[in-house]
Amino acid sequence: MSSSTTHRAANVSRSSERRPAQKSALPWLTLPALFFFLVFAVVPLVGVLVLSFADWDGIGAIGAAGMENWASVLTDPGLYNALGLTFMIMIVSWLVQTPISLLLGVFTAGSQRYRAALAVLYFLPLLLSSAAVAIAYKALLDPNFGLAMGLGLPFLAQDWLGVPQLALGLVIFVIAWQFVPFHTLIYQGGVRQIPKSLYEAAQIDGAGTIKQFFHITLPQLKYTIITSSTLMVVGSLTYFDLIFVLTGGGPGNSTRILALDMYLRGFRANLMGPASVIAVILVVIGLALALFLQRLGGKDKQGSQLEGL
Amino acid sequence: MRQFQSSRRSFLALAAVTPFAVMATSACGTSGPGSAGGGGASMWFLSGEPNQTTIQKAVDAFGSSNPDNKIAVTYFQNDAFKTKIKTAIGAGQAPTIVYGWGGGTLKTYAEAKQVEDLTTWFDANPDLKNKFFPASFGAATVNGKIYALPNQYVAPIVLFYNKEVFAKAGAQPPKTWDDVMSLVKTFNDMGVAPFSLGGQSRWTSMMWLEYLLDRIGGAEVFNAIFAGKPNAWMDPAVIETGTKIQELVSAGGFIKGFSSITADSKADQALLFTGKAAMMLQGSWTYGAMKKDGQNFVQDGKLGFATFPTIPGGKGDPKNGVGNPAQYMSISAKASDSEKETAKKFFKDGIMTDTVIDAYINSGSVPIVNGIEDKLSTSPDKDFLNFVYDLAKNAPNFQQSWDQALSPTAAEALLNNIDQLFLKSITPQQFAENMNATLGK
């Protein structure tokens, strides 16, 4: 370290005594973020709300529609099909992904060398874009030219994406394949934060690996679980690209989740008003779910997990 | 402290600069994607051979003889393009030259004043207007005004079959619907799929309905739907069409997994030329693609083609055709005057030159220009070209593809309902009712 940086570091630590002055400068720092938030989040949000009461085909002039869009969407069985599918994918995805990523996260948080090599493998899907994942799976699953025929395993050559139930299951599987690595990474970080002293104390008390997992790791990961679940649940409202490329919402409407329904109404059928209604519904559901999960975490969530040790 | 100050300064600088940066990027945006600048024009076109090479050569030739009026082309996949162009036009970001299939989509553009009225321009250039098949102007005309230049080729839907597979089965191509149903059994017993179908693309399945409805009910049924007459979709012919389709699906008429196969990937064509499927109802444009991709399948004369079978008791003329009367190019009303001039010049001198016409014929397509009979007859593909030419020329009614003839809203509802009809998740009666609700939309 050069002498000038030492000097600077000393300056910084000394300046911390003048905290009030710094605090008053801080709101300025949020300006760029606030600006982007306004331009890219608040303005479109208001725009969508306005459009949901408008009659617009995406090309011509915008006219007023009153409650017409809302009435037509809310009485459309397609909406409830999409809502049902969205919640179905959300819940099943959570049930599938959480245990896998939790266990993988705990495992990869260890320190043996071979785990690092395995961890790289686990994290590989994280590097691929959804579109690439979808195209690859589509090619592999093709019943006539896909992997099953290539390997000479005709029993695997099901019409995976052409039968409604299979297609839905497959979508959930591919989503899990793509997102488990991300949540594993979150859990790995969470596990590494747990103080070693807890495990040492448990070992002295004679607790085995399984007991340690259920009595130390899992309770200590409470907030990590809530964070990961929030991302998973709210994120599942926006699953789009993967399903769009993989099935396009089909066969029939069997994978036409809410986000896809919004896109297809707006950009394929030129019904921007009803599409905006779906967008508003998505925002409301997303907010409600995020708030609910926040509640679940309790008030002490913002505090340090190490406090009180 | 100094460190903090400098970072605060850079933050403030960033905050001050950001709005300009955003404005700068959005300013770039309004000049339109693929804008060539100067006296040029931009165009979006479909990717995929052989047409991509043909059009690129035409654009290059036009560019070298008009160095100040170059055309910048961007290529997109078919289904992706259909969505993207609509969105771009709605956002005022359309390319100068708007490619399409005429019909209902063009009508929405014209009514929103997004594309140029070319009527007077065509009147001023009678040679150009007389160059093309008169029938090709129908789908380019909205309320008596011409909004698009017909170009490329006429593309009827054709029943293709694999002669090798038919020879193995000792079968003949189907002439009637009964033949179809008995062939389904023959081929299923052989372990070959009777019909290839890229059902995930949905417009592929639609082609079946177009022909069936025409054969069963005649041209009047769809014309009533197109005109938005009350209860037009409730015609008994529509319900019989749906019933026939579901019978064919139940009998195993289509390749296993058809609803997960896309036409953009050309997997449906591959199924035919690899002999995994015996027949395929597809656009005549697939001939060129199969000629290119199917090793020597087409060149060795293994590809057969026929008209759609007749239906016992059907009212439609068996000579009727369905498909695309032509492809179309419009000029964006948002383009600058110089861009519009370049586009018109390209329309006149660049797009359907003799070289391009020859290229289409060589790739197995029938260009929509008059007086090409001799050229067709001397082509190595003369059998197919004459077949397509006669089909298009002699058809008492040549129905434009439904998804292009109808408005985008009705077309999307149609494709969605066809998908469900093929999956048997709705009955033919429900199909008719669902579609009837879209009349006038």
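I count a contact when heavy atoms lie within 4.5 Å. With that in hand, I looked at chain B of this predicted model: among its contacts with a separation of 6 or more, 77% join residues 24 or more positions apart.

**Ground rules.** I number residues from 1 along each chain as its sequence is written, and letter chains from A and number ligands from 1 in the order in which they are written. Local features need pLDDT of at least 70 and side-chain atom pairs pLDDT 80 or more, while totals for chains, interfaces and linings use all residues; side-chain values use heavy atoms, without hydrogens and water.

**Overall build.** I find 20 helices and 14 strands in chain B (DSSP runs, H or I of at least four residues and E of at least two, numbered from the N terminus). The radius of gyration of chain B is 24 Å, close to the 22 Å of the globule rule for 441 residues, so chain B is as compact as a globular protein of that length (taken over C-alpha atoms; the rule is 2.2 Å times the number of residues to the power 0.38).

**Burial.** Of the 441 residues in chain B, 57% are buried (under 20% relative accessible area, 1.4 Å probe, protein chains only).

**Helix α3.** Which residues does helix α3 of chain B cover? I read residues 78–90, and the helix reaches 19 Å from first C-alpha to last, close to the 18 Å expected (1.5 Å times one less than its number of residues). Its buried residues include B:Phe81, B:Ile85 and B:Ile89. After α3(B) I noted B:Gly92, with a positive phi near 70 degrees.

Conventions. Buried < 20%, exposed > 50% of the residue type's maximum accessible area, 1.4 Å probe, protein only.
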